[in-house]
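Please keep the 3D view open as you read.

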Amino acid sequence: MSAEPDVIRKCMWPVCLMGLFVTGILSLDCNLLNVHLRRVTWKNLSLLRRMSKSFPIECLRESKAFELPQEILSHTQPLTRDIKEAFYEMSRQAFHIFIQDTFKSTWEEKHLRQVQIGLDQQLQYLEQCLEEEEENEDMREVAEDERTQSGTPVPQLRNLELRRYFNRIDRFLKDKKYSHCAWEIVRVEIRRCFYFFNKFTALLRRK
Amino acid sequence: MLALLGATTLMLVTGAPWVLPAASGGTNLKSPENGRVCIIDDNFILQWNSSRESVRNVTFSAEYKIPGMDNWKKLPGCQHITSTECNFSSVKLKNVYEKIELRIRAEKGNSTSQWHEVKPFIPFQEAQIGPLDVHLEAEDKAIVINVSPPGTKDSIMWAMDHSSFIYSLVIWKNSSRLEERTETVYSRDKIYNLSPETTYCLKVKAELRSPRRVGFYSPVYCINTTEKHKVPSPENIRIDAKNQVYVLQWDYARENTTFRAQWSHEFLKRIPGSHSDKWKQIPNCEDVKTTRCVIPQNAFPEGIHRIRVQASNGNSTSFWSEEKIFNTEMKTVIFPPVISMKSVNDDSLHVSIGAPKESENKSVNQPYPLIYEVIFWENTSNAERKVVEKRTDVTFPNLKPLTVYCVKARAFTENGKWNKSSVFSATVCEKTKPGNTSKTWLIAGICTALFSIIVIIYVVKVLLRCINYVFFPSSKPPSTVDEYFSEWPVRNLLLSTSEEQTERCSIIENANTITVIEETNPIEDHKKYNSQTSQDSGNYSNEDENSESKISEELLEQETV
């Protein structure tokens, strides 16, 4: 009967498509990592919240506006890579702040360790993805050309704004000589920063 | 006179600008050109080119301005410089991310040139990574490398990148340059898989990931690895999560050895400086005689850690083994998903993948995104179709009708560092619907319906006709009768069945009395007979009818009497 070859022929197309789909799935490994990233960011946020029982009221008068540069990611169509780079920069700077072991008395070491571990995890995920993207050197150059033509801010400027922001936080800590209040204010500020960035993990997943 | 005075004043006025510079002393000084900065770590160097006229006794001075300053300030270290370069690192910049403006001018005696403005720059963007400080320690099969980050500890330039540097090194055997290895290491790291008693040479360069910046290679450092240690280090460390514990295992060739294992946080690797005091002893893994130990899961906090094992034979201890990175996330168990399948059409099956369940009622909170591997096959054959899906609904089209197909699935999460998958779920089998059934039945049904409707209409029509025929007869004659009988009265006579037409008749004479009269007077009788007959002849037809009725009347009378 001629029925069987027809069936086989009919099955070939979906199998071929599945094959393409599978390779597509495997190359989307980094998008999976970004879902992990969202989870880790959220975990870090809750760790930061739980580090201290409540914000001491006496520290309110010392608080300072650090001016988180919201415009860096408020651009209409930030590229996935730009979001990742900004996220990486932010995570790195936050990690840098929290490994300065001058606050042994401010928080419980257990909580501090957890925050440090969590931030390191965040960094590891991002490093993996950024490394994979760097392998496509040609594509990056093309993208950069496109970006400068369209007038969107160059990533260096974006990262520079972030650095200036974290530099303000760093100098604030140094000026206040790493006091308990200074640390509490910085903790709240970093939380605010994380909330802002967490919104953009959704964008990463879509792309 | 007046005109002369006016002319001289005019000349003086116009001549003044020319005269004054001459009074200040000599030729115009040309301002320096091509001012540029060269920043390496915290060393700020300003360079420029003097104008073509190589005039002696010319010095240069510079000024700077940063945002927040109204006036230009003298640049320390760059005042009255005779050469064309100066070092202004003593400017304690608080913020290397702010734009700085610089300007230089030439001076000679009292005269100065115009200011030459250097293009404003951000120090951090112009900074280059300077030389590195490298310390090496040799073991028998490994080299411990300790690189200090660029700049000093109080570096302003790299203050925020202290923990972000990674180091790319190239190592080779001194004997053969061909066997080169490139590795990326942290500030304090180990290079493994080396041969004992060999001279190795290496060079290191520092890298920043973002912004992407690469330093220059350091000078080459060479070191000899030691001779092979009496007590070898454990090898092939592996850790696995089972039930509620971690099982740590390693390989060791010799007997009669005790081991101990230590762990440390992975993030400490990023922080430069020695952390030899940050290793902690793993419980249940101190002085163990076997090459494995079982660790409770609460011994490690959540996160990524490193483990190292050391062997000891009583007298001496080995070098530490290669550090194994492990992620506590590996202990999460992924449960198999719950699948169900139903046949949609005659040629496709729809599979829906449900959330994994630990037991009958308990559903598991799965924090990771899962991919599902679905295996689909025809029950009789062994040909399996494997599909990897992210969605929880899969449809398999183009199947054979009335065939049993089976499906099973497993969930897994794919991470760059470790794969974790669940066991396969239970196999679910389902049969596809018969082929073309729906279409055939549909068509047949429609046809039957139409046919039956027609039949019913016809039957109803016939019934109605019968009913009309019986209960409501029509008064019209059939058409054939119409043809033959065109005269109206006869037709009327024949056809009028509805009413009997009767003529009113009266009896003249009875038939019995007529015979008696004929014997007595035959002539008179003839006359009477004729008259009678003539009278009768006109009435015969009626009489017949009347006699019939008369006889019946007589009979009736006789009966009554």
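## Ground rules

This is a predicted model, in which local features need pLDDT of at least 70 and side-chain atom pairs count only at pLDDT 80 or more, while totals for chains, interfaces and linings use all residues. Residues are numbered from 1 along each chain as its sequence is written, chains are lettered from A and ligands numbered from 1 in the order in which they are written, and side-chain values use heavy atoms, leaving out hydrogens and water.

## The second largest pocket

Rolling a probe the size of a water molecule over the atoms shows where empty space is left. On a 1 Å grid over the protein atoms alone, a pocket is an open set of points with protein on both sides within 12 Å along at least five of seven lines, while a cavity is a set where a 1.4 Å probe fits but cannot get out; lining residues have an atom within 4 Å of a point. Points are joined across faces, edges and corners, and a volume is the space filled by probe spheres set on them.

The second largest pocket has a volume of about 650 Å³. Its lining has 26 residues, and those closest to the centre are A:E131, B:T184, B:V185, B:Y186 and B:R209. By class, the lining has 16 charged, five polar and five nonpolar residues (Ala, Val, Leu, Ile, Met, Phe, Trp, Tyr, Cys and Pro count as nonpolar, Asp, Glu, Lys and Arg as charged, and the others, Gly among them, as polar).

## The largest cavity

The whole structure has three cavities of 30 Å³ or more. The largest cavity holds about 60 Å³ of space. Among the residues lining the largest cavity are A:Y88, A:E127, B:F165, B:Y186 and B:R209. This lining divides into four nonpolar, four charged and two polar residues.

## Residues to look up

Most residues other than glycine have a negative phi. B:N34 has a positive phi of about 55° although it is not a glycine, and B:N34 sits in strand β1 (residues 33–40) of chain B. Phi of B:N284, also a residue other than glycine, is positive, near 70°.

Is B:N34 buried, partly exposed or exposed? B:N34 is partly exposed, with a relative accessible area of 44% (buried means under 20%, exposed over 50%, partly exposed in between, with a 1.4 Å probe and protein chains only). B:C466 is partly exposed too, at 43%.

Note on methods:
Helices (H or I, at least four residues) and strands (E, at least two) are DSSP runs, numbered from the N terminus.
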